[in-house]
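Keep the sequence and the 3D view side by side as you read.

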Amino acid sequence: PSNEEVYDIVKTRLLALSPQERAGFLEELFADDPDVLAAVRNKFADLLAEPVAEPVTDTANAAAREAAEAAAKKIEDLRAQLVAKKAETDAAACKAAEAA
């Protein structure tokens with residue numbers, strides 16, 4: 001087969017694999033010929049590149065912001081409870097010391 005026919009076969013196989021499996025497939029297939037491996041990697045560089053994550057949408061940003069704000073509010077509430085409990089404990093300790 002011609003180079004283009006081989007490239008078409010390899011491309012079909014690469015597209016059937018996940019992006020994480022593609023490089024390993026080429027390594028295994030062309031392990032005996034580093035020059036061919038380099039040429040095939042070059043030819044299919046776009047298929048071997050890691051997929052780019054989808055941009056985060058405004059809705060996702062808003063949801064993340066709301067979750068962060070809710071977590072911050074919960075932390076503030078817990079801190080306020082801790083301060084109030086400490087003040088209560090300190091007052092009880094002072095009262096106990098005065099009584100003694």
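Helix 1 passes helix 3 in a right-handed crossing, meaning that the near helix is turned clockwise from the far one by less than a right angle. Helices here are DSSP runs (H or I, at least four residues), numbered from the N terminus. Before going further, please note that this is a predicted model, in which local features need pLDDT of at least 70 and side-chain atom pairs count only at pLDDT 80 or more, while totals for chains, interfaces and linings use all residues. Residues are numbered from 1 along each chain as its sequence is written, and side-chain values use heavy atoms, with hydrogens and water left out.

Two packed helices are described by the angle between their axes and the distance between the axes. For helix 1 (residues 3-16) and helix 3 (residues 34-43), the axes come within 11 Å and cross at roughly 65°. Those axes are lines fitted to C-alpha atoms, for helices over the stretch in contact, with angles running from 0 to 180 degrees between N-to-C directions. That makes helix 1 roughly perpendicular to helix 3, a label covering 65 to 115 degrees.

Which residues of the two helices make the contact? Helix 1 brings Glu4, Tyr7 and Val10, and helix 3 brings Ala39, Val40 and Lys43; contact means heavy atoms within 4.5 Å. By class, four of these residues are nonpolar, none is polar and two are charged. Ala, Val, Leu, Ile, Met, Phe, Trp, Tyr, Cys and Pro count as nonpolar, Asp, Glu, Lys and Arg as charged, and the others, Gly among them, as polar.

Now follow Val40, which is found in helix 3. Val40 counts as buried because its relative accessibility is 2%, where buried means under 20% relative accessible area (1.4 Å probe, protein chains only). Leaving aside neighbours within four places in sequence, Val40 is in contact with Tyr7, Val10, Leu26 and Phe30. The C-alpha atoms of Val40 and Val10 are separated by 8.6 Å, although the two residues are 30 apart along the chain.

Val40 also belongs to the largest nonpolar core, which has 11 residues in all, including Tyr7, Val10 and Leu26. Such a core is a set of buried Ala, Val, Leu, Ile, Met, Phe, Trp, Tyr and Cys residues joined through side-chain atoms within 4.5 Å. Helix 1, helix 2 (19-29) and helix 3 each supply at least two of its residues, and helix 1 gives the most, with three.

Terms used. Angles under 35 degrees count as roughly parallel, over 145 as roughly antiparallel, 65 to 115 as roughly perpendicular and the rest as oblique. Buried means under 20% relative accessible area, exposed over 50%, partly exposed in between (1.4 Å probe, protein chains only).
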